[in-house]
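Please keep the structure open beside the text as you read.

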Amino acid sequence: MSGISRRTLITRGLAAAAGLSGLALADRVAGRYGLIPPDGGGVYGPGETLTYGVQRLLTRHSLAREFSRGEISKAPFANETAPPTDAFKHLQAGGCKDWTLSVDGLVAHPASLSLDDLKRLPVRSQITQVTCEEGWSYVAEWIGTPLIQVLNAVGVSPQARFVVYSSMEPDSWDSVDMAEALHPQTLVTYGMNDGDLPVAFGGPLRLRVPRQLGYKSLKYITRVTVTDNLKRFGKGKGSAAAEGGYAWYAGI
């Protein structure tokens with residue numbers, strides 16, 4: 001069976017299941033093709049599965065809208081963050097020269113990358129919108145290196161299915177599937193609007209995931225782990241946000 005006909009079959013199967021109010025059936029169809037999200041259990045699990053499965057089938061390679069420079073928000077909103085830890089303030093006092101991003105898990109060459117190391121990788125800038133689940137948004141320019149460049153540098157195992165990323169903020173972590181991790185717009189971001197990334201917006205290092213809601217773009221990242229299974233991370237739901245009641249997949 002060709003890739004196109006297979007995709008059509010899966011899409012029709014999911015749509016038919018939803019049309020018949022058979023979310024449990026949609027869950028089984030998605031499971032057959034490996035499209036069940038880590039928070040796919042529980043009361044809302046079938047709905048989360050349907051959303052994730054359909055969007056992955058239909059928008060796997062789609063691009064988030066990119067704006068012109070004239071559309072950059074004049075006063076972008078920085079949502080509230082926890083007070084900086086002593087460790088963060090120590091790094092900040094040194095100009096974040098000792099900030100590192102550890103990359104481990106299912107990789108051939110685990111690494112600890114400084115900001116300078118990251119800046120030597122290919123650079124991409126994009127003007128995209130941060131959309132918050134609370135209803136506000138803003139447009140900004142983001143400068144960094146695509147996450148795929150970091151992953152290429154360390155050599156990702158063929159068994160990889162997810163990338164987990166952790167923040168210096170206590171108990172703050174999230175993950176994306178490999179489709180999102182390898183997407184060209186997913187950036188390890190260290191710049192914003194022609195300058196360094198401000199602390200209020202996640203500086204010195206933030207993972208920018210423009211195809212999903214703002215809470216997936218975690219601030220102050222210090223670690224990236226490539227894995228084939230999310231069950232050993234937290235409660236196995238894929239992120240601290242999902243453990244708190246938000247959806248793991250937050251596609252826009």
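Predicted model: local features only at pLDDT ≥ 70, side-chain atom pairs only at ≥ 80, totals over all residues.

Residues are numbered from 1 along each chain as its sequence is written, and side-chain values use heavy atoms, with hydrogens and water left out.

**The open sheet**

Strand 5 (residues 162-167) and strand 6 run antiparallel to one another, paired over five bridges. Strands here are DSSP runs of E with at least two residues, and helices are runs of H or I with at least four, numbered from the N terminus; two strands pair if DSSP finds at least two bridges between them. Both strands belong to an open sheet of five strands, ordered 2-1-10-5-6 with mixed pairing. Its edges are strand 2 (111-114) and strand 6 (173-177), each of which pairs on one side only. From one strand to the next, the twist averages 20°; the axes behind this are lines fitted to C-alpha atoms, for helices over the stretch in contact, and angles run from 0 to 180 degrees between N-to-C directions.

In strand 1 you will find Ser 102. At 27% relative accessibility it counts as partly exposed, where buried means under 20% relative accessible area, exposed over 50% and partly exposed in between (1.4 Å probe, protein chains only). Ser 102 and Ser 114 are 12 residues apart in sequence, and their C-alpha atoms are 8.9 Å apart in space.

**Strand 4 and its neighbours**

Strand 4 is mostly covered, with nine of its 10 residues buried. It pairs with strand 3 (residues 124-131) in the antiparallel sense over eight bridges, and Gln 126 stands opposite Trp 142 of strand 4. The hairpin of strands 3 and 4 has five residues between the strands, and there Gly 135 takes a positive phi near 110°. Strand 4 also pairs antiparallel with strand 7 (residues 187-192), over five bridges; in that pairing Thr 145 has Val 188 as its bridge partner.

**Aromatic pairs and cysteines**

How many aromatic pairs does the count come to? The count is 11, taking rings of Phe, Tyr and Trp (its six-membered ring) as paired if their centres lie within 6.5 Å, with planes under 30 degrees apart called stacked, over 60 edge-to-face and the rest tilted. Two of the pairs are set out here.

| Pair | Distance between ring centres | Angle between planes | Class |
|---|---|---|---|
| Tyr 138 and Phe 201 | 5.8 Å | 80° | edge-to-face |
| Phe 162 and Trp 248 | 6.0 Å | 75° | edge-to-face |

Tyr 138 lies in strand 4 (residues 137-146) and Phe 201 in the loop between strand 8 (195-196) and strand 9 (206-208), so this pair ties together parts that are 63 residues apart in sequence. Both Tyr 138 and Phe 201 are buried. They also belong to one aromatic cluster with Phe 77, Trp 136 and Trp 142. The other pair links Phe 162 in strand 5 with Trp 248 in the segment after helix 8 (240-243), 86 residues apart, and both Phe 162 and Trp 248 are buried.

As for disulfides (cysteine sulfur atoms within 2.5 Å), the count comes to zero. Cys 96 is buried at a relative accessible area of 11%, and Cys 132 is buried at 8%.

Helix 6 (residues 147-154) has Leu 147, Val 150, Leu 151 and Val 154 as its buried residues. Those residues cover an arc of only 95° around the axis, so they lie on the same side of helix 6; the arc is that of the directions from the helix axis to the C-beta atoms. After helix 6 comes Gly 155, with a positive phi near 75°.

**Backbone details**

Gly 203 and Pro 204 are joined by a cis peptide bond with omega of about 15°. Asp 171, though not a glycine, has a positive phi of about 55°; it is found in the loop between strand 5 and strand 6 and counts as exposed at 73% relative accessibility.
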